[in-house]
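Here are a few friendly notes to read alongside the coordinates.

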Amino acid sequence: MNNITLNKNLKPASEVEPVLKVRDLNVAFNIPRGQAKILEGVNFDLFPKEILALVGETGSGKSVTARSLLNLIPGRSGETKGQVLFAENDLLLMSDKELQRIRGNRISMVFQNPQSSINPVFTLGEQIFRLIRLYLSAAVEDLKQKTHCSQKQAIETIAKEKLNEVGLTDIKRTLKLYANEISGGMAQRYRIAMALISSPEILIADEATSALDVTVQAHILKLMKDLCKNKQTAILFITHDLGIAAQICDRVAVMYAGRIVEIAETKKIFANPLHPYTKGLLKAVPKLGKNEPLSFVPGIIPDLVNPPVGCRFHRRCDHIMNICRKQKPESLKFEDNHNVSCFLYKQNHKENRHE
Amino acid sequence: MFHVFYTNKITKKTDMNNPLIKLEQVNTWFPNNKSILGKPKFWIKAVSDVNLNIIEGECLGLVGESGCGKSTLGRTILRLAPLYSGRIEFMGEDIGQLDGKVLKPYRARMQMVFQDPKASLNPKMTIFKVLSEALHLNSSVAKENYLEQAVKLLDLVDLRPEHIFRYPHEFSGGQQQRICIARALATNPKFIVFDEATSALDVSVQAQVISLMKNLQKKLNLTYLFISHDLSIIEHVCSRVAVMYAGQIIEVQDAGSLFDTPRHPYTKALKNAVPIADPESRKELGILKGEVPKLSDPPSGCHFHPRCDYKKDICSKKNPIVYKIDENSWVRCHFQEELWQQGVLINSKESL
Amino acid sequence: MKENPMAMQTDSYDIMAQKVIQEHRKVKWFQLRRLLKRKAAFLSLIILVLALVAVLFAPWIAPYPEQGQGAVNLEHRLQAPSPSYFLGTDVYGRDMLSRVIWGGRISLFGGVCIVFFAALIGVPLGLWAGYNEGISGAVISRVVELFLSFPSTLIAMAISILIGAGWFTAIIALIIPWWPWYTRLVQGEVLSIKQTLYVEAAQMLGYGKLYIIFRHLLPNIMTPVLVMILLDLGPAIIAIGLLSFIGLGTQPPMADWGLMVWEGAPNILSEWWISIVPGCAMFMVVIAFNIFGDALKDIFDSKG
């Protein structure tokens, strides 16, 4: 029931203009051993009102993707190439000053460890008031005139309203607390409230629920889902948990060793995974209530300083062909809303066309 | 309908009179805020009144949220955490009060694998040193055979023996966890506690480690206590599961029936909160109200009552007694029979 | 404990073990080569070895050994560097090169002595105090705090006065306020390391306090201790010089580098070499210690 409504929200790609277009994103880090090609040719679109899951294992480059969108890779020397188109501007070409106007304003981020991403020396109230003053000055003035209250009262009213939206209770007390005095679930909700104050067009959630307990995670996931529906925010949800992808996301992009190997609607990718890596990954995940035997892809993620030529997965792949060792597989459109980067489907693709 | 469930549940005959490990009224309390005279101002009751049997050859799952005391319980069984009161029996002998040298032979028979494989290996020790430290406890191995045994152990956990003189940081997370398993096996144990042993690993690596664990269990006739917060993994790995909440074990059932027919409201809530990696079974994730109670001051009566949808007056007053479902399963809830008759706990799927 | 599941296939594992040992020998050499591959570290090592050789064989290397020990040579006072006096002469006409080499004996030996004994006393106490939070640990902590609450130079001066002036007593006087710094450093490190899982794993294997302290804690605190030792050598050399300057350390006509720098200070604008030469010697040795310590730290860090 629920999933039907969700799928209705998802309009075909051709009708809606994506809010974020990532084209051929390449990121390389300079490390002592040489240059690690962390991302190679990442392409995806993020549509308004959708939750796109970026799933992958450690070292697949999913977090780097998110951070490089806003040029948030600190303390690393390296190079970033490609295009990140947001509102017809290339974010990668922007100066730091211009980016600052977008970060936290039109594109917000929520990180894995909520407590450490809240400044510990100010109370929660002080921090959220500052943001309200920064982004919602018009609303504050409005409220002041309507209710004839002081600036401080107006800001507090708005803060309470915003925190109420994310399901925090006992807000008056909460505003006086410090980061170390609240639980992880509360902290993450508070972070989300902060991220939403500027009504961003895009919310990037980088493993936002991985440090939380399942019952708390359920709250946060529900919150995100409602948010996407009600506020029309597009969410890029970076996670290693395929369960989350299956439960709340509209589309799923699977990353392996710095490339997106498959991207499709959630139902399609789980029902009919195409890429051998996606297949392997799905079989490795235990599903509650279905005690299927687990299997796994042998081998480990390749060294990104000397990545394998051709398809980066070929050394672990069961269906290896000669071409896989030589050529980088392009993204192929298997069907509507289902793209895969694998030579196995190139032939099928052509055959299909001939018929 | 539930009658069918009931009869199906008794799957295998087990020797309950002679469990490998038997816990009786185990309490693990940590003193806090000691005054000058050394008297604690209050106790953190990490584990309270736990009764549990671990049967030889089984893999018992222990599931719960962070801070519910599941790790502490594992450590208490291995005598790493101080026992406040109660009895821990290992193969019929009370080891709860043993200490020092007397405990050493039991240490060899019970081992542990921790969550963070990187942190549980000394970065300055080669794998050989790590393993020989453990082999020292194995009286059946002579010192001059340590290298040979260590090579054997690495082979047992599917690692390449050539790497034995390498340092832990030269291995990946999954390989480090294999080394930890090899270390645990080196003492020739009967019982191994896996404390969130796969939680830090990627799914495909996790699947590898789990299949290794299962093979080893069969090969070496081991008994496992598998502690995890991840219900999907627990269901997959374990034969029987104990659910823990705020220091108490509230329900024990066979893995198959626990998630189909939870008997405790908390188990149901936990199950409904798990995102299942299958969009076909997409559901409204269950929301549990409130927060986990503080272990220093747990709620009166049933620890779960402030968050329970079915609570009544008695819940906050009286500690629920154990209701035996069958030989291996029991639940701790005042209204378990009533809830069971109404069927509110099992048909959670339909209620959406 | 009847069945031993690992008691099979002995032969093949035996052969495997032999191969493993051969491979291991190669790896060990590789570690050492890595350290020497760094140019800066290699250069510092050469400087340190040269300084050590010069100091050890001073009677044979110094051109005027007796002047180095303090014999006066008033005919050639305050001479600029020349072929016969390679680094010039000081107010009493003594050859600066010989003086620096002999001065290095006291400075280097003193510095190494101070730091070595300070670490030797401080590290075990820190290990014990960090691992045991009982009464013994508390007593050690309080003593350390007591020492650290006074300026260390003041303590050293007071002790020097008590036990008499001289370079040897100066060294002892400096060790006493120096060791608590090591205790403090080690205690802090141990407090964080003892909570790691590998310490718990060792406890579970039934190992006792002393074993865990020496096999698990000590190797893991050696890196910061070693770095602190190498960084402390400079201040230690300077501290001896300071005590000598106020008349509590090395007694003229003998001299250490610190004393020589102070001796030359009044003439720094005209006869610069009297201060600069021992100053440079001190500078080079201290920097060499630092660079070498740094390189060593990197190697240790990459190992674990």
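1. A residue is called buried under 20% relative accessible area, exposed over 50%, and partly exposed in between. A:Glu141, at 37%, is therefore partly exposed, and A:Lys144, with 24%, is partly exposed too. Please keep in mind that this is a predicted model.

2. These two residues form a salt bridge: the closest N and O atoms of A:Glu141 and A:Lys144 are 3.6 Å apart. Both sit in helix 5 (residues 137-147) of chain A, three residues apart, which means about one helical turn separates them.

3. A salt bridge also joins the side chains of A:Arg259 and A:Glu40, at 2.2 Å from N to O. Because A:Arg259 belongs to strand 10 and A:Glu40 to strand 2 of chain A, the pair ties together parts that are 219 residues apart in sequence. A:Arg259 is buried, with a relative accessible area of 11%.

4. In chain B, have a look at B:Arg75 and B:Asp195, whose side chains meet in a salt bridge of 3.0 Å, N to O. The former lies in helix 2 and the latter in strand 7, so parts 120 residues apart in sequence are tied together. Both B:Arg75 and B:Asp195 are buried.

5. Chain C has a network of salt bridges linking C:Asp90, C:Arg94, C:Arg99 and C:Glu263. Over all chains, the count comes to 32 salt bridges.

6. Chain C also carries a nonpolar surface patch of about 710 Å², with C:Val49, C:Leu52 and C:Trp60 among its residues. Helix 2 of chain C gives the most to this patch, four residues. C:Trp60 lies in helix 3 and is exposed, with a relative accessible area of 67%.

Notes
Residues are numbered from 1 along each chain as its sequence is written. Chains are lettered from A and ligands numbered from 1 in the order in which they are written. This is a predicted model: local features need pLDDT of at least 70, side-chain atom pairs count only at pLDDT 80 or more; totals for chains, interfaces and linings use all residues. Side-chain values use heavy atoms; hydrogens and water are left out. Patches are made of residues with over 30% relative accessible area and no salt bridge: like charges are joined within 9 Å, nonpolar side chains (Val, Leu, Ile, Met, Phe, Trp, Tyr) within 5 Å. Accessible areas come from the Shrake-Rupley method with a 1.4 Å probe; for residues, only the protein chains shown count as cover. A salt bridge is a side-chain nitrogen of Lys or Arg within 4 Å of a carboxyl oxygen of Asp or Glu. Helices (H or I, at least four residues) and strands (E, at least two) are DSSP runs, numbered from the N terminus. Buried means under 20% relative accessible area, exposed over 50%, partly exposed in between (1.4 Å probe, protein chains only).
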